[in-house]
Amino acid sequence: MAILVIAEHDHASLKAVTKNALTAAAKIGGDTHLLVAGSNASAAAAQGAACAGVAKVLLADAPQYADQSAENIAALVVSLAGAYSHIVTVASSAGKNFMPRVAALLDVAQISDVTEVQAADTFVRPIYAGNALATVKSADRIKVLTVRATAFDAVGEGGSAPVESIGAAEDTGLSKVSGRELTKSERPDLGAAKIVVSGGRGLGSGENYRKLLEPLADKLGAALGASRAAVDAGFVPNDFQVGQTGKIVAPQLYIAVGISGAIQHLAGMKDSKVIVAINKNADEPIFQVADYGLVADLNEAVPELVSKL
Amino acid sequence: MKVLVPVKRVVDANIKVRAKADETGVDLANVKMAMNPFDEIAVEEAVRLKEKGVATEVVVVSCGSSACQETLRTALAVGADRAILVDSGEVELQPLAVAKLLKAVCAAEQPQLVIAGKQAIDDDANQVGQMLSALQGWPQAAFASKVELADGKAKVTREIDGGLETLEISLPAVITADLRLNEPRYAKLPDVMKAKKKPLDTTTPAALGVDVAPRLATLKVSEPPKRQGGGKVADVADLVNKLKNEAKVI
């Protein structure tokens with residue numbers, strides 16, 4: 001049986017995380033079909049066709065997929081599911097939104113946030129904010145998975161899969177998007193960046209966050225992130241949040257500035273290759289996971305770091 | 001309008017859980033338990049809707065062992081009117097089973113709105129609200145940071161990757177609460193006492209006609225690879241030197 005991977009895209013282009021999901025599918029083994037459900041999404045489909053390991057792209061191009069509503073995407077996936085042994089997508093805010101609907105409508109379990117494929121029916125996933133890893137085996141006829149993008153490498157290019165247009169499922173008409181406020185940034189995407197500079201409550205204010213961390217991120221070509229405390233305090237928008245319920249990141253270098261290191265924050269960044277912590281309190285738990293801890297006043301240390309880089 | 005809020009009894013958010021040495025599960029012996037933090041937010045939102053006169057009744061439901069009564073009483077103490085325990089004994093309930101139990105409760109209670117926490121902090125599954133919505137054939141608004149109700153419709157601001165999205169849905173519907181939807185209140189002592197007298201009904205999966213057999217077998221629960229942290233640098237110059245020459249990441 002084949003595997004259906006649901007692409008994440010913005011119609012004009014494929015999101016990079018889709019390539020991580022394709023690697024997870026390759027580890028399961030079997031023909032991989034990539035579903036692109038969108039509106040005027042042929043460009044995204046063409047990029048999917050060029051991904052290594054994709055046997056076929058299914059393009060469902062219809063106006064009701066413009067908003068990527070959970071109800072309509074799930075209805076389409078369920079209509080295709082009979083031909084597949086596995087249905088896979090990324091555990092992003094989009095994947096988390098529609099995939100449980102797919103599982104419920106198919107009357108199967110969903111295995112969330114998979115970090116390792118051990119066999120076609122056996123998967124590893126973090127529980128309790130990553131403080132334990134559960135190995136679970138599914139007896140369901142169709143395995144529905146969301147996978148953690150940072151746990152799988154991206155597939156390469158070089159594929160030349162055919163793109164097959166398929167019909168849309170019925171428009172459920174259940175929801176309507178009336179607005180989107182997306183954070184505009186020239187910086188790399190938080191989930192995919194090689195370096196992440198992240199700030200916490202210790203920065204004191206949004207103004208200080210920007211004054212200190214933006215020059216550091218600029219110098220390093222880094223993405224900006226934050227702890228929940230910094231988001232709750234209004235220093236930065238919600239989509240900056242790194243942690244158990246925010247973004248999960250695993251960059252080459254993670255610089256935590258003024259972050260204490262609550263369990264929930266560590267869950268989102270402890271798989272980073274190198275962790276730097278800058279905090280004036282040497283007892284903070286962030287230092288227990290940091291490779292390089294600097295006990296210092298961040299107001300002095302961060303500008304000095306920028307000047308020495 | 002009746003609002004139904006499912007609440008889960010989980011390990012307290014401040015406790016660092018460890019896998020048992022024999023890898024059969026996590027060690028929860030003598031560990032403090034509490035209401036799932038996202039469910040506290042969901043209860044708060046429902047209670048605020050009642051205080052604003054939008055909701056007429058807030059019913060909380062918990063699926064699990066009899067110990068979940070404690071969690072239900074907590075919800076009653078912050079303003080829920082009535083509670084339902086779906087007592088499954090010691091059987092492990094997975095998200096699909098919980099969604100089916102809630103569907104059965106919805107059939108009996110006929111709520112116009114279900115507000116659930118977006119995720120439980122124990123299994124981190126993030127599934128039940130969406131699954132219930134699908135089983136009911138209702139619209140969903142997951143990861144809500146703002147909810148406005150008017151004329152049988154909900155306008156919900158959702159936290160998504162990259163920012164915020166505003167969704168318009170008709171009721172009945174399922175909304176799942178994200179962190180910034182509100183700040184839950186603490187129960188006052190007199191309210192805790194009053195909560196003891198509020199109605200709490202008990203039912204079972206069998207009485208609701210729901211098969212809750214687990215679909216996933218947990219083969220083992222292990223410790224994650226341990227990170228060798230704790231290294232310190234003397235000053236900024238030392239940090240820059242180590243990042244360049246030792247870690248080679250810049």
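This is a predicted model: local features need pLDDT of at least 70, side-chain atom pairs count only at pLDDT 80 or more; totals for chains, interfaces and linings use all residues.
Helix α9(A) spans residues 298–308, and its buried residues are Leu298(A), Ala301(A), Val302(A), Leu305(A) and Val306(A). They lie on the same side of α9(A) because they cover an arc of only 135 degrees around the axis. An α-helix has 3.6 residues a turn, so residues three or four places apart point the same way.

Glu300(A) and Ser307(A) are on the other side of α9(A), where they are exposed.

## Packing and helix start

The buried residues of α9(A) pack against elements of both chains. In chain A these are α5 (206–220), β14 (253–257), β15 (274–279) and β16 (292–295). Chain B contributes α7 (236–245).

At the start of α9(A), the backbone nitrogen of Asn299(A) has a side-chain oxygen of Asp297(A) within 2.9 Å.

## Cysteines

Over all chains, the structure holds zero disulfides. A disulfide is a covalent bond between the sulfur atoms of two cysteines. For Cys63(B), the closest cysteine sulfur is that of Cys68(B), at 8.1 Å, which is too far for a bond; the cut-off for a disulfide is 2.5 Å between the sulfur atoms. Cys68(B) is likewise in no disulfide, and its nearest cysteine sulfur is that of Cys63(B).

Both cysteines count as buried, Cys63(B) at 15% relative accessibility and Cys68(B) at 4%, because buried means under 20%.

Notes
Residues are numbered from 1 along each chain as its sequence is written. Chains are lettered from A and ligands numbered from 1 in the order in which they are written. Side-chain values use heavy atoms; hydrogens and water are left out. Buried means under 20% relative accessible area, exposed over 50%, partly exposed in between (1.4 Å probe, protein chains only). Helices (H or I, at least four residues) and strands (E, at least two) are DSSP runs, numbered from the N terminus. The arc is that of the directions from the helix axis to the C-beta atoms. Contact means heavy atoms within 4.5 Å. A polar contact is a pair of N or O atoms within 3.5 Å; within protein, one must be able to donate a hydrogen and the other to accept it, and residues adjacent in sequence count only if both atoms are side-chain atoms.
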